Amino acid sequence: MDLAFVSSPSRNTMKVLASVGALSQMLLTPGCRGHKLLLQLYFYTRSGLANSRRMASSSLDQKSRIFAVEPNIYSPNPFYFTCSRGPSAPFMTPKDWPMLDQGGLAFSVCIAKGARVKTASLHKSLGQELSQQLPDSEILRLISYSPENLPGSLEKGFFILPPHSCPDAQKRLCKVLMKYPQGIQLCSYSKGEEHEIWQCLWELNGGAKETARSRVLRVEEPVSSPFVDSIKGSAMFYSLEDACDVLEECSSVIPEAKEVLASVQPHRPLDEGRFPVIVIEGLDATGKSTLTESLRSHLNAALLKSPPDCISQWRTIFDSESALIKRAYYAIGNYIGAAEIAKASKTSPVIVDRFWHSTAAYTIATEMGGGIHNLPDHHHDVYQWPEDLLRPDLVILLTVSDEERIHRIRKRGLQETKEERELEANSMFRQRVEEAYKRMENPACLIIDASPPMAVVLQEALALIKKHCDI
Ligand SMILES: Nc1ncnc2c1ncn2[C@@H]1O[C@H](COP(=O)(O)OP(=O)(O)O)[C@@H](O)[C@H]1O
Ligand SMILES: Nc1ccn([C@@H]2O[C@H](COP(=O)(O)OP(=O)(O)O)[C@@H](O)[C@H]2O)c(=O)n1
């Protein structure tokens with residue numbers, strides 16, 4: 001008997017039951033008969049009826065919401081579903097979710113909208129804990145929203161697919177969620193007798209109790225991706241002010257945020273010099289450091305990088321934070337770097353190793369799953385340069401084949417960043433980063449194939465600079 005198929009126990013049944021402590025003891029006994037019924041009874045006992053009002057409203061709200069799951073091994077595109085009773089929407093079947101076909105269960109966990117820094121941190125820590133506690137399950141990103149007000153109603157969460165060989169996944173999942181008593185919504189999904197899929201909504205309030213059960217309906221992919229709306233509100237920053245707001249909000253828990261904010265140049269717009277600013281972009285080990293160093297000496301230029309030296313000592317701290325805080329750090333790093341660039345451009349050409357395009361391309365590629373067909377369309381506003389950020393005169397993107405890049409990383413023998421390890425393991429991610437780079441606009445990247453020997457790459461870069469800049 002699956003958790004999802006157990007009907008709610010009556011109050012009389014509950015009276016017969018012994019203490020919660022005794023129940024939990026039985027729960028932890030593997031192979032215990034009626035284990036799942038007990039699991040439910042246990043949750044029921046602990047949760048009580050205190051929040052019945054809230055339950056009713058959350059289940060109503062639940063029914064009108066759309067859920068979107070990121071692309072995965074079963075589905076190359078995000079898949080969308082709802083539980084409202086639209087007249088024409090077809091039911092979902094295990095054909096749509098083959099993982100449920102053998103009587104398996106899936107789960108969705110949504111985090112209610114709250115203060116954005118707190119919600120983002122909760123999302124990150126919950127994601128980490130789920131991966132640790134359910135190492136064999138596939139944990140996918142999920143968003144849920146109301147179709148009438150997508151940005152305002154957007155909630156993030158996870159879609160969890162435990163393997164069939166993991167019958168206690170639900171118990172482990174509930175154990176994790178019990179630690180987060182507020183603002184977490186759990187649903188389970190299972191196949192019904194007529195090949196339909198059922199969603200059960202669970203009340204989590206010191207325990208878990210089934211509160212509503214509905215058939216799952218398929219929803220067509222919307223024209224505008226809710227995943228893009230989601231990154232715009234949670235990891236992409238198109239103004240200094242917006243990024244600073246996030247670091248201000250988290251500065252009471254991350255003291256280094258204050259240090260970063262203190263490095264922001266207060267006077268804007270910046271007073272730029274007459275010399276050109278040339279940015280070199282590309283994946284790790286495409287030859288950026290090698291080329292920027294050669295350009296520096298050939299052009300007698302200043303060489304800068306983003307994030308700039310004055311804040312790079314705190315990089316590892318921000319790298320370990322939620323996407324919201326991490327990307328706010330890198331976004332602000334670009335603005336701090338811009339002040340240094342503007343100053344340096346008064347006396348010489350300026351070469352910059354990574355700038356805004358890195359921040360944007362990696363964010364888009366990290367937050368959007370699947371193949372490059374899932375990226376926002378060409379000319380989408382996510383690819384536009386922030387209005388208030390110094391605009392370089394030329395951006396060169398270095399590209400090399402996957403094999404050559406990995407060969408260079410190994411030869412270099414330096415420590416790879418976590419993202420770079422992911423790049424190696426996940427060529428789809430690498431393709432998304434590179435494609436996002438190529439879609440950037442105003443300024444767009446000019447591409448150089450950096451596979452030939454260093455001297456050839458340098459000559460090509462010098463030719464481009466001569467053509468596009470006043471040097
Ligand atoms: N054109 C090239 N041909 C062969 N090897 C190169 C070339 N450019 C750079 N390398 C080597 O590849 C490695 C990565 O280059 P690097 O400049 O550090 O890349 P990035 O700064 O993009 O991470 C280094 O060992 C470097 O010597
Ligand atoms: N301006 C920048 C620079 C780096 N970054 C982030 O930093 C990572 C690249 O760092 P890295 O240490 O591999 O860079 P390099 O070693 O290539 O200079 C990217 O994955 C981005 O997430 C950014 O977001 N914005």
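These legends walk through several close-up views of a predicted model.

View 1. Look for Asp245 in helix H9, which covers residues 240-250. With a relative accessible area of 38%, Asp245 is partly exposed.

**View 2. Two rings meet edge-to-face.** The whole structure holds 16 aromatic pairs, and this view shows one of them, Tyr238 with Trp356. Their ring centres are 5.5 Å apart and their planes stand at 65°, so the pair is edge-to-face. The partners come from distant parts of the chain, 118 residues apart: Tyr238 sits in the loop between helix H8 (226-234) and H9, while Trp356 belongs to helix H15 (residues 356-367). Are the two residues buried or exposed? Tyr238 is partly exposed, at 24% relative accessibility, whereas Trp356 is buried, at 1%.

**View 3. Six aromatic residues form one cluster.** Find Phe67, Phe79, Phe81, Trp97, Phe159 and Tyr189 here: together they make up a single aromatic cluster.

View 4. Ala461 has its place in helix H19, made of residues 454-468. Its relative accessibility is 0%, so Ala461 counts as buried. Now pick out Ala106, 355 residues away along the chain: the C-alpha atoms of Ala461 and Ala106 are separated by 51 Å.

View 5. Most peptide bonds are trans. The bond from Ser306 to Pro307, however, is cis, and its omega is near 0°. You can find Pro307 in the loop that runs between strand S11 (302-305) and helix H12 (309-312).

**View 6. Asn300 has a positive phi.** For most residues other than glycine, phi is negative. What is the phi of Asn300 near? The value is near 55°, which is positive although the residue is not a glycine. Asn300 lies in the loop between helix H11 (288-299) and S11, and it is exposed, with a relative accessible area of 65%.

View 7. The peptide bond from Asn442 to Pro443 is cis, with omega near 10°. Asn442 also has a positive phi, near 50°. This asparagine, Asn442, is partly exposed, with a relative accessible area of 49%.

Methods. Residues are numbered from 1 along each chain as its sequence is written. Chains are lettered from A and ligands numbered from 1 in the order in which they are written. This is a predicted model: local features need pLDDT of at least 70, side-chain atom pairs count only at pLDDT 80 or more; totals for chains, interfaces and linings use all residues. Side-chain values use heavy atoms; hydrogens and water are left out. Helices (H or I, at least four residues) and strands (E, at least two) are DSSP runs, numbered from the N terminus. Buried means under 20% relative accessible area, exposed over 50%, partly exposed in between (1.4 Å probe, protein chains only). Rings of Phe, Tyr and Trp (its six-membered ring) pair if their centres lie within 6.5 Å; planes under 30 degrees apart count as stacked, over 60 as edge-to-face and the rest as tilted.
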